[in-house]
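Biologist: I have a model open on my screen and would like to learn how to read it. Could you take me through it feature by feature?

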Amino acid sequence: MSTPSPAALPIRPLTRHDLTACADLSENRGWQREEHKWGLLLSAGKGFGIDDPDGGLIAACVVTEYGPPARPGLHAVGMVLVAERHARQGIGRRLMRHIVSVAGTTPLTLYATPSGRPLYEELGFKVTGMSEMVLGRFVPEERPGGPVTRPASADDLAGILRLDEEVFGVDRTPLITRLPAFADHLRVAEDDGRIIGYAAAWPNMNTHVVGPLIARDTETAKALIASLAARTERPLRTDIDVRHEELLHWVKQRGLESVMSNAVMTHGIAELPGDWARRFAPLTVAAG
C-alpha cells in the first residue's frame, strides 16, 4: 500500500498529549526541544498538526486566542514547523492557509524569521514592527536604581491582569493566569502602592527568558530585568521591541548580545492594539 501524500493528510487539533511529538519536531528542525514552552502553548492555545503515517508529526503550529471566547480580538500564531524531509513541499503554506481560514475576520499576528517572512507575506501578512533577541549573562550595575520591585503575590493577579489588558489591548487572562506556575520568578514594580509594571523569568533549556515585560517606562523595565537577573544564575534571553532603543543599548552594556531579529507581522489589522510604549517584550514570540 502506498503512503498517502502529505497534501492529502488531515490537519487535526493538537493537545498536551502531543507534547513529545511537538518537541521531537522542534529538534528535527534544529530548534531546542522547549518542552516547557510547548506545554504552556498547548494548554493556553490551540494546536494544529498533521500526523506522519510513519509516526510523529509532519507539521505543527499553535494559535493563542485573546479576548472573549465568543469574540476573540486577536490570534497569535507561533511554532510553525514542518519536518525536514517534508520541507519545501507546500505543507507550511497549507497549514497557514488553514489558520487564516479558521480565524475568519479575527486579526492575526506572528513573529517571522527572515526565512519564514516570504511565506507570510504571500498570505497577506504585513510587517508592522521588529524585535531583537538578546542573550547573555547579565552584569549588574553597582548602584541599581529605578522603581521598587518585589515578588508578585496572589493578591497582585487582578492588578497584573488589568495592566496587561490596558497595555496589550486585548484580554489575555487564560495565558497570564498561568504565569505563576509557568515562571520561576514573577515580579511587579510599584509606585505609591500601584502596579506600574510586571515581568516574569521562565526556564527554557539552559536560560531564563524574560517575558512578558510590561512597564510604565524604560527605567521601570530596567529595574524589573535587573531584579530578575539577580535571582538566577542562568543566562538571560529576551525579545525587545526595537523601538525601545534605550533599553536595548542598556542590556547590551550589561552583557547581553544580539542573537537575531524577527519581523512582527499582522493580518487583517494595520497595527497591533494597545500601547507599544509600555510593551517591551512578549512572554514568548510564539504567543505574541
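Biologist: Let's start with histidine 244: which backbone atom does its side chain reach?

Modeller: The general idea is the polar contact, a pair of N or O atoms within 3.5 Å; within protein, one must be able to donate a hydrogen and the other to accept it, and residues adjacent in sequence count only if both atoms are side-chain atoms. Here the side chain of histidine 244 reaches the backbone oxygen of arginine 279 at 3.3 Å. Bear in mind that this is a predicted model, where local features need pLDDT of at least 70 and side-chain atom pairs count only at pLDDT 80 or more, while totals for chains, interfaces and linings use all residues. Residues are numbered from 1 along each chain as its sequence is written, and side-chain values use heavy atoms, with hydrogens and water left out.

Biologist: Where is histidine 244, and what is it in contact with, leaving aside neighbours within four places in sequence?

Modeller: Helices (H or I, at least four residues) and strands (E, at least two) are DSSP runs, numbered from the N terminus. Histidine 244 sits in the loop between β11 and α9 (245-253). Contact means heavy atoms within 4.5 Å. Leaving aside neighbours within four places in sequence, histidine 244 is in contact with Trp276, Ala277, Arg279 and Phe280.

Biologist: Is histidine 244 buried or exposed?

Modeller: Buried means under 20% relative accessible area, exposed over 50%, and partly exposed in between (1.4 Å probe, protein chains only). Histidine 244 has 7% relative accessibility, so it counts as buried.

Biologist: And threonine 232, what does its side chain reach?

Modeller: The side chain of threonine 232 reaches the backbone nitrogen of arginine 234 at 3.0 Å. Threonine 232 belongs to the loop between α8 (218-229) and β11 (236-241). With 16% relative accessibility, threonine 232 counts as buried.

Biologist: Which side chain does glutamate 190 join in a polar contact?

Modeller: That would be arginine 150, at 2.9 Å. Glutamate 190 is in strand β8, and with a relative accessible area of 24% it is partly exposed. Its contacts, leaving aside neighbours within four places in sequence, are Pro147, Val148, Arg150 and Ile196.

Biologist: Now backbone angles. Which residues should I click on?

Modeller: Start with aspartate 192, which has a positive phi of about 55° although it is not a glycine. You'll find aspartate 192 in the loop between β8 (185-191) and β9 (194-204), and its relative accessible area of 79% makes it exposed. Arginine 88 has phi near 60°, a positive value in a residue other than glycine. Arginine 88 lies in the loop between β4 (74-82) and α3 (91-103) and is exposed, with a relative accessible area of 73%.

Biologist: Where is the peptide bond that is cis?

Modeller: Go from glycine 211 to proline 212: that peptide bond is cis, with omega near 0°. Proline 212 is in strand β10 (residues 207-215).

Biologist: How many residues of helix α2 are buried?

Modeller: In α2 (residues 35-44), 7 of 10 residues are buried, so the helix is mostly covered. Among them are Trp38, Leu40 and Leu41.

Biologist: Zooming out, how many helices and strands does the protein chain have?

Modeller: There are 9 helices and 13 strands. Buried residues make up 53% of the 288 residues in the chain. Of the contacts with a separation of 6 or more, 72% are between residues 24 or more positions apart.

Biologist: What does the radius of gyration say?

Modeller: The radius of gyration is taken over C-alpha atoms, and the globule rule is 2.2 Å times the number of residues to the power 0.38. For 288 residues a compact globule would come out near 19 Å, and the protein chain has 19 Å, which agrees. Its C-alpha atoms fill a box of roughly 70 × 40 × 35 Å, taken along the principal axes.
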